[in-house]
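Please keep the sequence and the structure at hand while reading.

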Amino acid sequence: ARAGHGDHSRAAGDDRRPLPRPGGEAQPRTHQPGHQRRCLGAPRRVWAIAAIHADCWRLCCLHDALYARFRPGDRIVYLGNYTGHGPKPVETLDEILGFRRSILSIAGVLATDIVYLRGMQEEMGQKLLQLQFAPNPFEVLSWMLENGMDSTLAAYGFSGRDGLGFARVGAVALTHWTVRIHKAIRARAGHEIFATVLRRAAYTAESTPHPLLFVHAGIEPSKPLAAQNDAFWWGGKDFDRMERPYQSYDKVVRGFDSSRGGVRMDTIRATLDGGCGFGGSLVCAGFDQSGQIFDLLRA
């Protein structure tokens, strides 16, 4: 069993040799950082974790339940929005990184078995560090603060109000502010690297009996996967209007619903957002090769 909430003392195994495993071929140990999407191969089971929104306590509870169920050959896909709104964004990222070490200590598990998608919060975080280049930085930052970035900034020791003041002063003052934020993120072990491994989407291989596509918030059904761009974060309404399976995928699974409509599923879609960070539960669904949910965890 895991050592407990936040205590991940098991040995790391990020660079172990690929082993023959049930549920599909061994995945390569390395990948080019420019890859925007991740193929999960043809695993027997995929665990998808919905938006967390910095609720570290619920994440710890869910991780403990998932650790007891995870088997070599499974995949884990985090569906974005790790921070924002909730009270403990820094601790949440530490817990995600610690749980990764715990999972990778299991014989036969590969680093590529765990995939992290970029959510709206992570996209905003990237844009925040480039705020001085925005044509209207004050308006952009104001919108970010209204949508969850204020709590994340505070966790790293910064004030959104100060940022608005620097935005009024000019690009030089704003640049000094964003550079200090970047240094604060870099000072937290693993946080800067974590931001570089986020993917836009993940999917099971076509050889899977019922292929699945995993996204953050939505897609534009009329566009191919390579042309989705910002639809992964802002395409929620298009997702709700889907009337048929998207391309070759039997089902599209998302982890964040801006309308907070709760967990809901049909034959072609699954929304796993239980309202975590807003008083609701954190949800993790286990999908089998038929595309059906065989286990639904709530914390």
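A cavity is a set of grid points where a 1.4 Å probe fits but cannot get out, and a volume is the space filled by probe spheres set on the points. The model is predicted, and in it two cavities of 30 Å³ or more are found, with about 60 Å³ of space in the largest cavity. Its lining is made by Pro43, Arg44, Arg45, Val46, Thr204, Thr208, His210, Leu212, Phe287, Asp288 and Gln289. By class, the lining residues of the largest cavity divide into four nonpolar, four polar and three charged.

## The largest pocket

The largest pocket holds about 540 Å³ of space. It is lined by 24 residues, and those closest to its centre are Gly125, Gln126, Leu129, Ile185 and Ala195. At least two lining residues come from each of helix H3 (120-128), helix H4 (137-155), helix H6 (171-187) and helix H7 (191-196). The lining of the largest pocket comprises 12 nonpolar, nine polar and three charged residues.

## Overall architecture

The secondary structure of the chain consists of nine helices and 11 strands. Of the 299 residues in the chain, 53% are buried. Among contacts with a separation of 6 or more, 67% are between residues 24 or more positions apart.

## The five-stranded sheet

An open sheet with mixed pairing is formed by five strands, in the order S4-S3-S2-S10-S11. Strand S4 (114-116) and strand S11 (293-298) are the edge strands, each of which pairs on one side only, and the twist from one strand to the next averages 15°. Strands of a sheet pair through backbone hydrogen bonds, either parallel or antiparallel.

Strand S10 (residues 283-288) and S11 run antiparallel and are joined by five bridges, with Gly286 standing opposite Asp295 in S11. Helix H2 (residues 89-104) packs on the sheet, where it touches strand S3 (75-78) and S4, and its direction makes about 160° with that of S4.

## Packing of H5 against H6

Two packed helices are described by the angle between their axes and the distance between the axes. For helix H5 (residues 160-169) and H6, the angle is about 145° and the axes are 7 Å apart. On the H5 side the contact is made by Asp162, Gly163, Phe166, Ala167 and Val169, and on the H6 side by Ala173, Leu174, Trp177 and Arg180. The residues of this contact divide into six nonpolar, one polar and two charged.

## Buried loop residues

Although His53 is placed in the loop between strand S2 (45-49) and helix H1 (56-69), His53 is counted as buried because its relative accessible area is 1%, which is under the 20% cut-off. Apart from its neighbours within four places in sequence, His53 is in contact with Asn81, Tyr82, Thr83, Gly84, His85, Gly86, Gln121, Phe256, Cys276, Gly277 and Phe278.

Leu198 lies in the loop between H7 and strand S5 (201-203) and is also counted as buried, because its relative accessibility is 7%. Leaving aside its neighbours within four places in sequence, Leu198 is in contact with Tyr82, Tyr116, Leu117, Arg118 and Glu122. From C-alpha to C-alpha, Leu198 and Glu122 are 8.7 Å apart in space, while in sequence they are 76 residues apart.

## Positive phi angles

Most residues other than glycine have a negative phi. Asn81, which is one of the residues in contact with His53, is not a glycine and yet has a positive phi near 55°. Asn81 is found in the loop between S3 and H2 and counts as buried because its relative accessibility is 0%.

Gln247, likewise not a glycine, has a positive phi of about 50°. It is found in the loop between helix H9 (236-240) and strand S7 (251-254). Is Gln247 buried, exposed or partly exposed, and with what relative accessible area? Gln247 is partly exposed because its relative accessible area is 47%, a value between the 20% and 50% cut-offs.

Conventions. Residues numbered from 1 in each chain as written. Predicted model: local features only at pLDDT ≥ 70, side-chain atom pairs only at ≥ 80, totals over all residues. Heavy atoms only, no water. Helix = DSSP H or I, 4+ residues; strand = E, 2+ residues; numbered from the N terminus. Buried < 20%, exposed > 50% of the residue type's maximum accessible area, 1.4 Å probe, protein only. Contact = heavy atoms within 4.5 Å. 1 Å grid on protein atoms, 1.4 Å probe; cavity = no way out; pocket = protein on both sides within 12 Å on 5 of 7 lines; lining within 4 Å. Nonpolar A, V, L, I, M, F, W, Y, C, P; charged D, E, K, R; others polar. Pairing = 2+ DSSP bridges. Axes fitted to C-alpha atoms, helices over the stretch in contact; angles between N-to-C directions.
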